[in-house]
Structures are given as structure tokens and as C-alpha cells.
Amino acid sequence: MIQKIRTTRTIWAVLLGVTAALFLQSCGGGSNLAKLQESGELTGALGREGWRQEIPYGMIVVPAGTFHMGQADQDILSSKINMNRQITIGGFYMDQTEITNNEYRQFIDEMTENPDSVDGEILSEEEIKERFYPDTTVWMTNFTHHYGDPMTENYYAHPSYDDYPVVGVSWFASKAFCGWRTTFMNEARESAGKFPVPMFRLPSEAEWEYASRGGRDVAKYPWGGPYTRNAKGCALANFKPGRGNYFDDGFQYTNPVGAYFPNDFGLYDMAGNVAEWCNDAYAPNAMPLIWDLNPTFIDDSEPRKLVRGGSWKDIAFFIETGSRNYQYQDSVTAYTGFRCVMTYLGRSSGMEF
């Protein structure tokens, strides 16, 4: 009987504590805290609303975790630049698909109509187009003796390609897009009286590889298995299945984003379609240099930047989750695009998403 009474008292104490907490968070809580502050008590700064980070439209949650970064199969190039190492990554949001032609067009249109500061410089319409407009000639210039005229004329301009990944953009243009996207969202939030969100940015190489594996620690491909086809013989990504064979996966060039199954995080085209810019500079010896918590390798003097994921023109080796490659930061190609990420602010258990 005594035990029952004690249990009942404990339950009531908990309920009263919860009720008091809820009351302090209600309309009356602020005035009580104000009175406490007036009497000299430490209450914290008043008038600051709570924070719950919203998932941006088109993005997917990538919860924090630990994985083994590096090659997931034989190093057929014998490069020895990607040895395995255990890495921890904090939570972040990532675009579910690669940035499309039509999404990039919004950036160009907004920048043209409302010139913004890029690195402290206000650009004219001509400068914006010169620096950031996709180079559509890449469909002819990237390949020797290739009839790329139809792609040059239509890929970015025609609405039939609106949902295809944007290409012909440099590392600098990709970063400018991230900066514009941050300003565009935070101006809207400011007008609504909301706190700003963290900046959109290119993923680090470690973040990209962690996201591509979809929670499968040593997966060779984003879908987990060691093969590029399913049991029915259907290709699981857009790449080059064999010599001179580009169409066997269903697309001769790029595919509309989301045409294949996503990985376990819900991310599409983490293998093939277009390779994707990362924020990191390339260095053959980066793996032993970087820290094992949210690593990134930044070197402004290094013009080579990481690209990951392989593309529609690459053989299977380059679409593996652990394959590293690079391009020069000012280069533009018909097989490189990008997607954005945003850091998650708060407890990184993954349970809050």
C-alpha cells in the first residue's frame, strides 16, 4: 500500500512538472520569465522563438552516421589514392536529385532580373550570362567527330529537357548557384519574420560518398549489390555498359532525374547520369590528412576539384561509391552537374527527422 502511494505521488510530481513546463512555454510563460529577470534572475535572453529546422523543398534528410570511406572494390587503376578509413558525418539535407535545367534557369532568370553581389561584385546581365550561363557547346567540343548539334541547340533551351540535369557549368558557377539559393530563401524567410537557414553549399567529398551509400557501409554501388543490373537484366544506372554501347541502359545521353530507383536514403542518380561537383580540392594524399569527423580538404591554390558518381559516358568503375575523380574548377563538360546540401542544426541522432 505504501509503495502504491509513493508511486502515485511520483506520477503526480511528474505531471505537475510537465504542466509547469508547458505553462512556461505558453503565453503566460514569457511574462513570468520577464518578472524573474526583473528581480535579477538569470533566465536567458527573452523574445527568441524556438527553432525547428524545416526540410527545404526537394531535399532529403541524410542522418548522422559513421562509415568506411574509400574504395569498395578492387583499385583497378592501382592509384592507391583512396584507402579505406572510418569517418563520422553529421546530419545534413541533400537535394533528392541533381539540379535540373529548369531549376538552374530560375537562378539565371532571377540573377538577370535582380543582379546580386557575387564575391562583393554587382554583375551586369552580360557578365552573369558569361560566367554562369550553361555552356551548351560542350556537346560538340567535348567529343571528337561527334554530331552534337541537336543537343547543343535543345538540351538547355527546349522544355523537353527541363527535368534533365544541368551540365556545362563550372565549379565556380555551381558555388554561385548555392550562394544565390541561400540568399533567395533567407530573404523570403526574413520577410516572414523567421530565422535564416544555414547556407546551401556543395557537399564535401565525404558527405557525398556517405550519402551515396545510403546507409550501407561498404556498398560498391548506391543500391548495395555488386552488380549493375537487376535479376531481370535491367540496368540500375545510366552509364556506359560496354564499348560503344551507350543506349543499353535506356538513354544515349543523360536521363531525366529520378528515372532509376533511389538508394536507401531516397536519393536518385548517385551513380551515373552526370558526375557531381564536390567542394573539396583534389589531392592524391588527402585521405591520411583529413580529420575523421566531418572531413573536408580545402586548398584554394589547387585548381583541381573533386567530382564523384561517374556519368552517362563512364564505365562501371567510375560510378562506384568509392571511385575518386577530378576536373579543373573552371572547366565545363557535357557530363558534370551538381546538387546542393545544407547542414542540419541541432541534435544529430537522426531521431528528430
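Visitor: Helices (H or I, at least four residues) and strands (E, at least two) are DSSP runs, numbered from the N terminus. With that settled, where does Phe 195 lie?

Guide: Phe 195 sits in the loop between α7 (171-191) and β7 (200-201). Bear in mind that this is a predicted model, where local features need pLDDT of at least 70, side-chain atom pairs count only at pLDDT 80 or more, and totals for chains, interfaces and linings use all residues. Residues are numbered from 1 along each chain as its sequence is written, and side-chain values use heavy atoms, leaving out hydrogens and water.

Visitor: And how exposed is Phe 195?

Guide: Phe 195 is partly exposed, at a relative accessible area of 30%. Buried means under 20% relative accessible area, exposed means over 50%, and partly exposed is in between (1.4 Å probe, protein chains only).

Visitor: New topic: what covers the strand β9 story, mostly buried or exposed residues?

Guide: Buried ones: β9 (residues 304-308) is mostly covered, with four of its five residues buried.

Visitor: Which strands pair with β9?

Guide: Strands count as paired if DSSP finds at least two bridges between them. β8 (residues 275-281) pairs with β9 in the antiparallel sense over three bridges, and β10 (residues 325-328) pairs with β9, also antiparallel, over four bridges.

Visitor: What are the bridge partners of Lys 305?

Guide: Lys 305 in β9 is the bridge partner of Ala 281, and Gln 327 in β10 is the bridge partner of Lys 305.

Visitor: What holds strands together in general?

Guide: Strands of a sheet pair through backbone hydrogen bonds, either parallel or antiparallel.

Visitor: Back to β7. What is the order of the open sheet of four strands?

Guide: The order is β1-β4-β12-β7, with antiparallel pairing. Its edge strands are β1 (59-62) and β7, each pairing on one side only. β7 is joined by two bridges to β12 (residues 341-343), and the two run antiparallel. Arg 201 stands opposite Val 341 in β12.

Visitor: Which helix lies across β1, β4, β7 and β12?

Guide: That is α8 (residues 205-213), which runs at about 75 degrees to β4 (92-95). Axes are lines fitted to C-alpha atoms, for helices over the stretch in contact (heavy atoms within 4.5 Å). Angles run from 0 to 180 degrees between N-to-C directions.

Visitor: Last one: how many helices and strands does the protein chain have?

Guide: The protein chain has nine helices and twelve strands. Buried residues make up 43% of its 353 residues. Of its contacts with a separation of 6 or more, 72% come from residues 24 or more positions apart.
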